Amino acid sequence: GYDPGAVVDTNGAGDEFVAGAVAALADGADPDGLLAFANAVAAVSTTESGAMAALPDEQTVERFLETQ
């Protein structure tokens, strides 16, 4: 797993994981890449309040992955 820092709201993190997995699958990611991206999306989504408001864009997730 990843350490996103201060967790604000975990509501929607599972949905965000699925969204990240679908996005990675659509981009042709291998299984390891898919899981890494989906986990990162879910982790980053917990750093803000609200499920939709906290959905990170791809650049935010990539920057997060570079720090892990």
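The model is a predicted one. Its largest nonpolar core has 11 residues, and α1, α2 (31-45) and α3 each supply at least two residues of that core. The count of aromatic pairs comes to one. Among the acidic residues, D9 is buried and has no salt bridge, E16 is buried at 5% relative accessibility, and D15 is exposed.

**Nonpolar core**

- The largest nonpolar core is made up of A21, A24, L34, F37, A38, A40, V41, A43, V44, V61 and F64.
- Helix α2 provides the largest share of this core, namely seven residues.
- In soluble globular proteins, nonpolar side chains tend to be buried together.
- V41, one of the core residues, is in contact with E16, G20, L55, P56 and V61 when neighbours within four places in sequence are left aside.
- V61, one of these partners of V41, is itself listed in the core.

**Aromatic pair**

- Y2 and F64 form an edge-to-face aromatic pair, with 5.6 Å from centre to centre and 80° between the planes.
- The arrangement counts as edge-to-face because the angle between the planes is over 60 degrees.
- Y2 lies in the segment before α1 (13-26) and F64 in helix α3 (residues 58-67), so the pair ties together parts that are 62 residues apart in sequence.

- D9 is located in the segment before α1.
- Although D9 is buried, it forms no salt bridge, and R63, the nearest side chain of opposite charge, is 20 Å away.
- The distance of 20 Å to R63 cannot count as a salt bridge, because that requires a side-chain nitrogen within 4 Å of a carboxyl oxygen.
- A polar atom of the D9 side chain lies 2.9 Å from the backbone nitrogen of N11.
- Not counting residues up to four places away in sequence, D9 touches S45, T46, E48, S49 and G50.

**T46**

- T46, a contact of D9, is placed in the loop between α2 and α3.
- With a relative accessible area of 8%, T46 is buried.
- Beyond its neighbours within four places in sequence, T46 is in contact with P4, A6, V7, V8, D9, T10 and A13.

**E16 and D15 in helix α1**

- E16 lies in helix α1, and D15 lies in helix α1 as well.
- E16 counts as buried, at 5% relative accessibility, whereas D15 is exposed, with a relative accessible area of 61%.
- Leaving aside neighbours within four places in sequence, E16 is in contact with V41, A42, S45, A51, M52 and L55.
- L55 is also among the contacts of V41.
- The C-alpha atoms of E16 and L34 are separated by 13 Å, and these residues are 18 apart along the chain.
- D15 and A42 are 27 residues apart in sequence, with 8.0 Å between their C-alpha atoms.

Terms used
Residues are numbered from 1 along each chain as its sequence is written. This is a predicted model: local features need pLDDT of at least 70, side-chain atom pairs count only at pLDDT 80 or more; totals for chains, interfaces and linings use all residues. Side-chain values use heavy atoms; hydrogens and water are left out. Rings of Phe, Tyr and Trp (its six-membered ring) pair if their centres lie within 6.5 Å; planes under 30 degrees apart count as stacked, over 60 as edge-to-face and the rest as tilted. Helices (H or I, at least four residues) and strands (E, at least two) are DSSP runs, numbered from the N terminus. Buried means under 20% relative accessible area, exposed over 50%, partly exposed in between (1.4 Å probe, protein chains only). Lys and Arg count as positive and Asp and Glu as negative; His and the chain ends are not counted. A polar contact is a pair of N or O atoms within 3.5 Å; within protein, one must be able to donate a hydrogen and the other to accept it, and residues adjacent in sequence count only if both atoms are side-chain atoms. Contact means heavy atoms within 4.5 Å. A nonpolar core is a set of buried Ala, Val, Leu, Ile, Met, Phe, Trp, Tyr and Cys residues joined through side-chain atoms within 4.5 Å.
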